[in-house]
Amino acid sequence: MSQQRTTIWETELEEDLQDVDVNLAIGNYGQNGMYEDAQSRIDEATLLAVQQQMAQQAAFSQVPDVVKRFIVHFHQAVLDNNLAEITVAYESGWNRLTEKFYAKTEWPEAEVIAPLVNDDQIFLILYRELYYRHVYSRLQPDIDDRFHSYENSCELFNYLLNSDGPVALELPEQWLWDIIDEFIYQYQSFCVWRSKVKSKTDEEIVLLSDESQVWSSYSVLNVLYSLIQKSKIHEHIIALQEGKSAEEIDEIVGEYGVRPLYRMLGYFSIIGLLRVHTLLGDFTLALKVMENVELSQKSPFMRVTACHVTTFYYVGFCYIMLRRYPDAIRTFVNILNFIMRMRQYHTRSYQYDQINKTADRMYALLAICSALSPMRVDDNISNIVKERYGEQFTKMSRGEEGLPACEELFLYACPKFIAANPPPYEEGDQLAMYLEDPPIEPAQRHLALFLSEVRAQAPVPTLRSFLKLYTSLGAAKLANFLDADEEEMVQQLMIMKQASRSVSRVDTENEKGLLDGQITSTSDLDFVIDENMVHIAESTLGRKYAGWFIRNTEHSQRVFDGLRNSPLPIPPKKANAQAAKGGPEPSAAAPRTGGRNVAWGGVKTA
């Protein structure tokens, strides 16, 4: 076909040239030595633009037609603010086409698909947000991807925050959460990548020294706090808690806060701040920003499962680092029960794998908390913890022997901490000193702080095992059991007394802030020292039989339903053949009816 088109083109050209004086038409072009002068006047930028346009046209031709139709449909749904169509395209269409066409490659660049959307800059910003998220999740981003994703995030948030008024844009809640979540993830990923100085090339070092503000902690925190301030989400939550009417709330939050886009972005930014401050190691401030958010079934983050799971994971981890183990246990049990109940619905979510990974990390953290502060938890959750981390849990319950197991679980389940300050790429001398003596990695620093607390409580399990055997025990005898003198024994008793006290949220109705709480006893074992005697008092909690019976009744009902719905067994062939002949059943299989029954159910012959 291409040869046919070339032939026709050449034939038409020859027919036209028969009536034209070629020498007149050509003139002295190329004969007067002016070519170099003309070449110098060619605009290199124009040539580059033409080459880029040709490359984009070639790339556009490679885009499958079904992807082109999807982008056109997606763009129209965004223009119409059709939340139903946007949700379907975002949660189903994008992921389905990714698996089919772009599982291991990048989606077409925004400039390639721009003609399909009439060069709509707002949609192209949203498209790039999806494009770079795909690069981070499925591929390996390079330094250009990291810089450009930051630039696109800045364009998106500048459009939302610095427009003349609230923008006329509506997006699903799931997408709004993913925008905040991915923004923080890319910031975290960049900080981790930036801290690895030895793997950087000279070109990357130059770029990092010139662009020191890219993905800076200040810029990320500024975006999150600006969204919270613009949406007035704290005022909105407080007004709801005070029971104000919808009209009063609208007047309080203003023109931005009444729009679902800004309201949900502000709410998700609070959860984002919880995550960022945790990654930076400020656990008190992380819980402080959540003071107006209630961890209840009525909270808005419940509508987005990934946000729900993330919130409880970071709240529980902050409690662990603040030595509030009972609060951490209650937080983890709450969300893990929720995940178990909603598991059948999670399988339909594109974030099913991520939710399961986060749940497994919370089981590991729950094992650590249960070893450090034993308390009764839900049987189903306890069984899963023992099934997955039973060996490590046993080791951690033995005191000093459990430190390696505790370290292993902590490093597996903790967040990927980041350093707020980047390496000194702009100063060559300081960078050389940085390479010679690199600072401790953030994860190792937090691990050392956590293990110091665990190491201090190492004598508690052994001491506890002895005290549970007695109601009164002489100090000399107890010291002999511990292979220590009486002074050291008293120190261990004080450590145990301190370990059995913790700040805990007892009255959740009056204690609205996550940092609120009272000092309570977290152990079922207490003691007093009276001269040379140690008097022990153990309080045992009765088993909650109602819950136990309910769970076992539900299990029995499931077994019964399974048996009732299962197909009947196929009778043996011999029995079928005998029934077809109409003959009696074999006498050996028939029970004996004569004689007298005995007490144990047998048959006695007459």
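Analyst: Two rings of Phe, Tyr or Trp (its six-membered ring) form an aromatic pair if their centres lie within 6.5 Å; planes under 30 degrees apart count as stacked, over 60 as edge-to-face and the rest as tilted. By this rule the count comes to 26 aromatic pairs. The model is predicted, so local features need pLDDT of at least 70 and side-chain atom pairs count only at pLDDT 80 or more, while totals for chains, interfaces and linings use all residues. Residues are numbered from 1 along each chain as its sequence is written, and side-chain values use heavy atoms, with hydrogens and water left out.

User: Why is the pair of F190 and W193 called tilted?

Analyst: The ring centres of F190 and W193 are 5.6 Å apart and the planes stand at 45°, so the pair is tilted.

User: What makes the pair of Y313 and Y314 edge-to-face?

Analyst: The planes of Y313 and Y314 stand at 80° with the ring centres 4.9 Å apart, so this pair is edge-to-face.

User: How do you know that Y313 and Y314 are buried?

Analyst: Buried means under 20% relative accessible area, exposed over 50%, and partly exposed in between (1.4 Å probe, protein chains only). Y313 has a relative accessible area of 2% and is therefore buried. Y314 is at 7%, so Y314 also counts as buried.

User: Where do F190 and W193 lie in the chain?

Analyst: F190 and W193 belong to helix α10 (residues 173–194); being 3 residues apart there, they are separated by about one helical turn. Helices (H or I, at least four residues) and strands (E, at least two) are DSSP runs, numbered from the N terminus. Both F190 and W193 are buried.

User: What makes K200 a charge over the ring of W193?

Analyst: A charge sits over a ring if NZ of Lys or CZ of Arg is within 6 Å of the ring centre and within 35 degrees of the ring normal. K200 lies over the face of W193, at 4.4 Å from the ring centre. In another such case, the charged end of K230 is 4.7 Å from the centre of the Y256 ring.

User: Which residues form one aromatic cluster?

Analyst: The cluster is made up of F70, F74, Y90, W94, F101, Y102, W107, F123, Y127 and W175.

User: Why is the contact between D181 and R275 called a salt bridge?

Analyst: The term requires a side-chain nitrogen of Lys or Arg within 4 Å of a carboxyl oxygen of Asp or Glu. D181 and R275 meet at 2.6 Å, N to O, in a salt bridge. This pair links distant parts of the chain, 94 residues apart: D181 is in helix α10 and R275 in helix α15 (residues 260–280). R275 has 8% relative accessibility and therefore counts as buried. The structure holds 13 salt bridges.

User: Are E242 and K244, which also form a salt bridge, exposed or partly exposed?

Analyst: At 53% relative accessibility, E242 counts as exposed, whereas K244, at 35%, counts as partly exposed. Their salt bridge spans 3.8 Å, N to O.

User: What is known of the salt bridge between R324 and D327?

Analyst: The closest N and O atoms of R324 and D327 are 2.8 Å apart, and both residues are buried. D327, found in helix α18 (residues 325–341), has 4% relative accessibility and so counts as buried.
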